Amino acid sequence: MTSAAHAAPGDSAPTGFTESLSPDEFKAVFRGHPGGVAVITADAGDGPVALTATSVSSVSADPPLLIFSVSAQSSAAPVLAAADTLVVHLLDADDLRVAQIGATSGIDRFAELPWSRLVTGEPVYNGVRAWVRCAVIDRMDAGGSTVIAAHAIQANIARDSVSPLVYHNRTWHRLGSDTAI
């Protein structure tokens, strides 16, 4: 078990607290916490971007709101900071390649996979389990990331999710009936 690292007297973490986990301790804690896998796409006028995220969470059903975070180090961060709308693709194990492409740095994330544009202009990967078109309603800086809140305005569900895709301990996993407890 790890404990909080203590700052030197007079020093404080960016949040103003005198104690803070180190980045490595924090990552180790969350490495054991599985997350559903999504790919976020957007285009603010200079071409489409995509990134894989495990931070997508529903916030409210009425109104339909979701949140996710994007690291400032992501090549998609500037576009997501400027886009008024975006698409959140909620993936299952059949969409593993989409997740892998969205998580790979330094490549054209739209070169290999079939995609199109919605009539409203947003890029969307074809054939994924489900996607939600959203209007960005707020952004909040949080450490080296930005938390984005979005209002769901359109959705498409191509298939029921019988094998959800999750990310756990730096590895992709497929959930199935044999994993239910």
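Strand β3 is joined to strand β13 (residues 165–168) by two bridges, and the two run antiparallel; strands here are DSSP runs of E with at least two residues, helices are runs of H or I with at least four residues, and both are numbered from the N terminus. Two strands are taken to pair if DSSP finds at least two bridges between them. The model is a predicted one, in which local features need pLDDT of at least 70 and side-chain atom pairs count only at pLDDT 80 or more, whereas totals for chains, interfaces and linings use all residues. Residues are numbered from 1 along each chain as its sequence is written, and side-chain values use heavy atoms, with hydrogens and water left out.

Seven bridges connect β7 with β12, and Leu65 stands opposite His151 in β12. Between β11 and β12 there are 12 bridges; Ala130 has Ile157 in β12 as its bridge partner. The hairpin of β11 and β12 has two residues between the strands, and Gly143 in this hairpin adopts a positive phi near 60°.

Ser145 is located in strand β12. With a relative accessibility of 24%, Ser145 counts as partly exposed, a class between buried (under 20% relative accessible area) and exposed (over 50%), computed with a 1.4 Å probe on protein chains only. Contacts (heavy atoms within 4.5 Å) link Ser145 to Val70, Ser71, Ala72 and Met140, residues up to four places away in sequence not being counted.

A nonpolar core is defined as a set of buried Ala, Val, Leu, Ile, Met, Phe, Trp, Tyr and Cys residues joined through side-chain atoms within 4.5 Å. The largest such core has 21 residues, and Ile40, Leu80 and Leu86 have the most contacts inside it. Two or more residues each are given to this core by β4 (38–42), β5 (49–53), β7 (64–71), α2 (77–82), β8 (85–90), β11 (130–142) and β12 (145–157). Apart from this core lies another, of 16 residues, including Val98, Ile101, Val128 and Leu165.
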